Amino acid sequence: MTQKPSIPKGTRDFPPLEVAKRKFIMNTIQSQFEHYGFQPIETPSFENSSTLMGKYGEEGDRLIFKILNSGEYLKKVDESAFAKANYKEITPRISEKALRYDLTVPFARYVVQHQNDIEFPFKRYQMQPVWRADRPQKGRFREFYQCDADVVGSDSLWQEVEFVQLYDAVFTALKLEGVIIKMNNRKILSGIAEVIGASDKLIDFTVALDKLDKIGEDKVKQEMLDKGISQEAIDSASILFSLSGNFASQLEALKELLFTSEVGTEGIEEMLFINDAIQTLGLSTARLQLDVTLARGLNYYTGAIFEVSAPEGVQMGSIGGGGRYADLTGIFGLKDVSGVGISFGLDRIYLVLEELGLFPEEATQGVQVIFINFGDKESLYAMQAIKALRAQSIAAELYPDTAKMKKQMTHANRRSIPFVILAGDQEVADNTYTLKDMVTGTQDTVTLEELIKRLTANS
RNA sequence: GUGGUUGUAGCUCAGCUGGUUAGAGCGCUGGUUUGUGGUACCAGAAGUCGCCGGUUCGAACCCGGUCUUCCACCCCA
């Protein structure tokens, strides 16, 4: 009895063409990371549950994949907890390990654990899969890759400047022009909450504000009221709903709103510094925008917040994000180490490049040439040529079976192999090869030397 | 976690208010062409209608459960 094979919900198989395209993106990101001085690390797929639990809020805990203990795992559960079916008590007893939920917390753990061996500031990048027990949706999976670059051990705003440039460099290298790098600052958001007298509602206020372009001004205000923010507070923040103009002029307007707030003013100073630097240095293809409605990662970001949008006209959410967290490693006992980092959304970047037809042909090219198999004698002859071609870095192979010509040609065609070589009795006798161009359909008979020359010119 | 949606051949989908042997296109296999693919023509194979149970003389179709797909919310990459 055979069972119909399947994979868990929210996971994917990647066929060769998709792997090639994903690698193209990852290689591009990786090479820019390295140009900017980041070093790779890798951490385990699973961590001790205690490392992960409680680091992402209540919602996050629910979305962490827990790994069941091995052996007699029920022995550690006391009967009253079991009888009550209290999963909050039972879970830590039967599961002591959990799959990585993101790359940031494992990185913080890594920094603290290896603090004596790390030279600070430490710039690391990491590209590994993470897992979330979420309900899958379009562009959302239960297993996906994160591509992160972070710096720990430096408060300098030059890091933020560097990350803006790094985003620009990566998307320019991917030929994805016109991406919008949006920035905000937690300190500005805190300042606003402070001056309107809603400091205790900071998270509710900013989460609602974040939805402005999605649900509109009226609904945002309604949500704020629902969350217990006063009408007076909302009114005094009215400038936020009509903020326009460039980076500098928006900051100018905010300055007036926030002049009584120390933290708010500090946030504005930071953003001015970053913007001035970027104005002087310039960006190749990306655009930098201030977006005070941007509110992400508020549980841990303390300064700059980044989010990258696809170019105008492409229907896609954010394709990258990041920010500064003043006390990344504090939860693991290493105080006052500031971190700042960014992340690239591999799957979404893939969808955007696909939609815009930006994958270069060479990124997806497989084998360049295949030899038709006419029998063992002819195949040995072919293998000698294949060896010579491979030595010239030309990807070549022999069809392994002496199948019908039609079958072999069809195989070459389906794999989009651009050239086929026929070497039967006649060619062996003449010490030649018949090279067929599968695109044009033309063919001619040449020497090995000529063969290498032609295929080299074509690759 | 909440609400909705989907499941029929390898793929995309038809299938009438429940009624004999469940169809199409594409793909697949073989042939027209035993050293020539991508186009044409001919023939053929292929489905416990997601799974379990119920209603009925009779279920792909109705009901319940379950899994799966996709979508919205929550949250997020």
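Reader: Which residues is Thr 432 in contact with, leaving aside its neighbours within four places in sequence?

Author: They are Tyr 381, Glu 427, Thr 445 and Val 446. A contact here means heavy atoms within 4.5 Å. Before going on: this is a predicted model, in which local features need pLDDT of at least 70 and side-chain atom pairs count only at pLDDT 80 or more, while totals for chains, interfaces and linings use all residues. Residues are numbered from 1 along each chain as its sequence is written, chains are lettered from A and ligands numbered from 1 in the order in which they are written, and side-chain values use heavy atoms, with hydrogens and water left out.

Reader: Why is Thr 432 called buried?

Author: Buried means under 20% relative accessible area, exposed means over 50%, and partly exposed is in between, using a 1.4 Å probe and protein chains only. Thr 432 has 13%, so the word buried applies. Thr 432 sits in the loop between helix H19 (425–430) and strand S15 (433–437). Those labels are DSSP runs numbered from the N terminus: helices are H or I with at least four residues, strands are E with at least two.

Reader: What makes Asn 431 exposed?

Author: Its relative accessible area of 52% is over the limit, so Asn 431 counts as exposed. Asn 431 lies in that loop between H19 and S15 as well.

Reader: What is the phi of Asn 431, positive or negative?

Author: Positive, near 60 degrees, in a residue other than glycine. Most residues other than glycine have a negative phi, and most peptide bonds are trans. Lys 175 also has a positive phi, near 65 degrees. Lys 175 is in the loop between H7 and strand S7 (180–185), and at 55% relative accessibility it counts as exposed. As for peptide bonds, the one from Phe 120 to Pro 121 is cis, with omega near -10 degrees. Pro 121 belongs to the loop between helix H6 (104–113) and S5.

Reader: How do you know that the span of helix H13 agrees with what it should be?

Author: The expected span is 1.5 Å times one less than the number of residues. H13 (residues 247–258) has 12 residues and should span 16 Å; its end C-alpha atoms are 16 Å apart, so the two agree. Helix H1 (residues 16–35), with 20 residues, reaches 28 Å from its first C-alpha to its last, close to the 28 Å expected.

Reader: Which residues of H13 are buried, and how do you know that they line one face of the helix?

Author: They are Phe 247, Gln 250, Leu 251, Leu 254, Leu 257 and Leu 258. Seen down the axis of H13, they fall within an arc of 110 degrees, so they line one face. The arc is that of the directions from the helix axis to the C-beta atoms. Their cover includes helix H8 (186–195), helix H12 (231–236), helix H14 (262–281) and strand S8 (287–290).

Reader: Why is Gln 159 called buried?

Author: Its value is 13%, so Gln 159 is buried. Gln 159 is in helix H7 and, not counting residues up to four places away in sequence, touches Val 151, Ser 154, Arg 324 and Val 340. The C-alpha atoms of Gln 159 and Arg 324 are 9.6 Å apart, although 165 residues separate them along the chain.

Reader: How many residues surround RNA strand B?

Author: There are 33, and the closest are Lys 138, Lys 404, Arg 414, Met 438 and Gln 443. A residue is near a strand if one of its heavy atoms lies within 4 Å of it. H18 gives the most to this surface, with 6 residues.

Reader: What kinds of residue make up that surface near RNA strand B?

Author: 8 are nonpolar, 9 polar and 16 charged. Ala, Val, Leu, Ile, Met, Phe, Trp, Tyr, Cys and Pro count as nonpolar, Asp, Glu, Lys and Arg as charged, and the others, Gly among them, as polar.

Reader: Which part of RNA strand B does Arg 135 approach?

Author: A base oxygen, 3.1 Å from an N or O atom in the Arg 135 side chain. A phosphate oxygen lies 3.0 Å from a polar side-chain atom of Gln 137, and a phosphate oxygen is 3.1 Å from one of Lys 211.

Methods:
A polar contact is a pair of N or O atoms within 3.5 Å; within protein, one must be able to donate a hydrogen and the other to accept it, and residues adjacent in sequence count only if both atoms are side-chain atoms.
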